[in-house]
Amino acid sequence: MLNKYFLEFMGVVTIIYAKLLTEADPVVMAIVYFAMFTLAKGITTGFFTPIGSLTAWMIGRVPTRDFLYNVMAQLLGSLAVAVTFIPAKAYIDKV
């Protein structure tokens, strides 16, 4: 059970990092989204955004408990990127 929320967390981290590091290059973003949706298929909801999770919950596709845990994983993923991006970017620019 914990694996699906970890996958949601890692999906958010991967997508946001790809967006920041490639300056939202459409080709790269399409590949990253496709890869994350493929990995998440059947394990998690695969929305990777709180608004997608909220919509699925509102129309009854996702139980309340899964909705709350998904949003928590998504917010923690966003926070993890916010805390680690500047040091990572500084390291990448140095190398």
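**Helix packing: H1 and H4**

Reader: How do the axes of H1 and H4 cross?

Author: The axes of helix H1 (residues 2–21) and H4 come within 8 Å and cross at roughly 40°. That makes H1 oblique to H4, because angles under 35 degrees count as roughly parallel, over 145 as roughly antiparallel, 65 to 115 as roughly perpendicular and the rest as oblique. Axes are lines fitted to C-alpha atoms, for helices over the stretch in contact, with angles from 0 to 180 degrees between N-to-C directions. Helices are DSSP runs (H or I, at least four residues), numbered from the N terminus.

Reader: Which residue classes are in the contact of H1 with H4?

Author: 16 nonpolar, five polar and four charged residues. Asp, Glu, Lys and Arg count as charged; Ala, Val, Leu, Ile, Met, Phe, Trp, Tyr, Cys and Pro as nonpolar; the others, Gly among them, as polar.

Reader: What about the model itself?

Author: This is a predicted model: local features need pLDDT of at least 70, side-chain atom pairs pLDDT 80 or more, while totals for chains, interfaces and linings use all residues. Residues are numbered from 1 along each chain as its sequence is written, and side-chain values use heavy atoms, without hydrogens and water.

Reader: What is valine 12 in contact with?

Author: Phe48, Gln74, Gly77 and Ser78, leaving aside neighbours of valine 12 within four places in sequence. Contact means heavy atoms within 4.5 Å.

Reader: New topic. Where is isoleucine 92?

Author: In helix H4 (residues 64–94).

Reader: How does isoleucine 92 count by relative accessibility?

Author: Partly exposed, at 45%. Buried means under 20% relative accessible area, exposed over 50%, partly exposed in between (1.4 Å probe, protein chains only).

Notes. Helix = DSSP H or I, 4+ residues; strand = E, 2+ residues; numbered from the N terminus.
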